[in-house]
Amino acid sequence: MFKQLAPISLEAYKDTRIATQSNYIFAKDVHLAAVMAAEFVRAATYYPIVFIEDEQAKFKPVALLGFQPGQNLLVDDAGHWDAAYIPAIIRRYPFALAPKPDSEDFAVCLDVGSDLLGDQGNPLFNEEGAPSEMLERAKQFLGELNSMEVATKGFCEVLTQHNLLTPLNVRVQLSAGVRDVAGCYAVNQDRLNKLADEDFLALRKANALGPIFHHLASLQQIEGLVKREQSLAPAPQSTH
């Protein structure tokens, strides 16, 4: 989704403006979108929420938007997102946080390759050289998102500690044939139900039960995603 991230500075982007986001064509190739635990309650209504392993072999939750890389079944060719709730990680675009070198702090960055950048729209800085209202809102949103990410990492660590995640074995009937949904994990309900009382209480105290139940309920959305894929398949040509 991001083409070229660069830290925002007055010197480099004094005259840069950001066009009002009118479509989501930039996310057309995004088939997995990270979602935070706090989003599960809303995201579960529209997307299957599954877990994947990152480069450090740690789990993180994502919304499944397509069944293969480069396929976002929620965005049409005009850039319209066909769901009432859009993951925060998508809504933050073209802004992002990136760690500063040799520091625990983060820099507010911009995708300088985005088509939203230009000389039309909302300025990054006002005439006095101070961050504009739009940039301040973006900073606040990124800060909130970062806090949500920290909480989500804690949630995933709790799931790992209790060995609740197992491979999601799902076979779906797509337009090109049967396909296994691979590389995804889900909470094992049998293990969850067999937890000792003190372990189940530990989940409750960690505020993990709500996200767990919303995640499990969201898996029903796989069927809807399959129907989306099937509906986009080319109609068979007549032999007559």
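In which sense do β11 and strand β12 pair, and over how many bridges? The views below come from a predicted model, in which local features need pLDDT of at least 70, side-chain atom pairs count only at pLDDT 80 or more, and totals for chains, interfaces and linings use all residues. Residues are numbered from 1 along each chain as its sequence is written, and side-chain values use heavy atoms, with hydrogens and water left out.

**View 1. Pairing of β11 and β12.** The two strands pair in the antiparallel sense over 5 bridges; pairing requires at least two DSSP bridges between strands. Helices (H or I, at least four residues) and strands (E, at least two) are DSSP runs, numbered from the N terminus. A hairpin of 2 residues joins β11 to β12, and V170 has V181 of β12 as its bridge partner.

**View 2. The two sides of helix α8.** In α8 (residues 221-231), I222, L225, V226 and E229 are buried, whereas E223, K227 and S231 on the other side are exposed (buried: under 20% relative accessible area; exposed: over 50%; partly exposed: in between; 1.4 Å probe, protein chains only). The buried residues pack against β5, β11 and α7, contact meaning heavy atoms within 4.5 Å.

**View 3. An aromatic cluster.** F2, Y24, F26, W81 and Y93 form one aromatic cluster. Rings of Phe, Tyr and Trp (its six-membered ring) pair if their centres lie within 6.5 Å; planes under 30 degrees apart count as stacked, over 60 as edge-to-face and the rest as tilted. Y24 is buried at 17% relative accessibility, and W81 is buried at 5%.
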